[in-house]
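Biologist: I would like to learn how to read a model like this one. Please take it feature by feature.

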Amino acid sequence: MSSDKGKEPGEGSSSRSATQPSRYESQKRRDWNTFGQYLKNQRPPVPLSHCTFNHVLDFLRYLDQFGKTKVHLQGCGFFGQPEPPGPCTCPLRQAWGSLDALIGRLRAAYEENGGLPESNPFASGAIRVYLREVRDSQAKARGIPYKKKKKKRNPTKNAADEAASSFPMQSS
Ligand SMILES: [Zn+2]
């Protein structure tokens, strides 16, 4: 007595597990798609061949709205405190480490997708300068120096903070 009225296909049909790219590769592809989508959404849309480091900088600032890292403003009482004792209204930003890694992936993706190394907007010095400024200001605001990793005593704390950096905006 099997009363299967209209058997549903169910979800057992995921046919895309054939090739499994590494996490880095799939993250890179997602980032690249996200960036392409971002350019398309500009008014007017920006073709990739016209993309300059200015678009990349705008993109990085745009991503801040999806950030999860509290960066205290100068006026905040917690400014410079790595572990504030309470909440505050300072904005959430993309952590410098996330942006740095993102740029690395996009720089590679750009050339893999036919871009010329000499015109790679992600390799621009302006991006490096911007990232350095973000790093320094976040280090100050959060009281966390982004220097070389010292001994890894307590690797969970800061690492988890910086590493949880998948960008949540590839909505379909
Ligand atoms: Zn604050």
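The dialogue below goes from confidence to fold and then to one helix pair.

Modeller: This is a predicted model, and confidence comes before geometry.

Biologist: What is the mean pLDDT of the protein, and what share of its residues reach 70 or more?

Modeller: The mean pLDDT is 83, and 74% of the residues reach 70 or more. Where pLDDT is low, the predicted coordinates should not be read in detail. One such stretch is residues 6-15, where pLDDT stays under 50 and the model has zero contacts beyond four places in sequence. Residues 155-166 also have pLDDT below 50, but this stretch has 10 contacts in the model beyond near neighbours in sequence.

Biologist: How many helices and strands are there, and in which order?

Modeller: The protein has five helices and two strands. Along the sequence they run α-α-β-β-α-α-α. Of its 172 residues, 17% count as buried. Taking contacts between residues at least 6 apart in sequence, 69% join residues at least 24 apart.

Biologist: How do I describe two packed helices?

Modeller: Two packed helices are described by the angle between their axes and the distance between the axes. Here, take helix H1 (residues 23-40) and helix H3 (residues 96-112): their axes come within 9 Å and cross at roughly 80°. H1 is therefore roughly perpendicular to H3.

Biologist: Which residues in H1 and H3 meet?

Modeller: From H1, Gln27, Lys28, Asp31, Trp32 and Phe35 meet Leu102, Arg105, Leu106, Ala108 and Ala109 of H3. By class, this contact has six nonpolar, one polar and three charged residues.

Technical notes: Residues numbered from 1 in each chain as written. Predicted model: local features only at pLDDT ≥ 70, side-chain atom pairs only at ≥ 80, totals over all residues. Helix = DSSP H or I, 4+ residues; strand = E, 2+ residues; numbered from the N terminus. Buried ≥ 20, exposed ≤ 12 C-beta atoms within 10 Å, placed from the backbone. Contact = placed C-beta atoms within 7 Å. pLDDT = per-residue confidence, 0-100. Axes fitted to C-alpha atoms, helices over the stretch in contact; angles between N-to-C directions. Parallel < 35°, antiparallel > 145°, perpendicular 65-115°, else oblique. Nonpolar A, V, L, I, M, F, W, Y, C, P; charged D, E, K, R; others polar.
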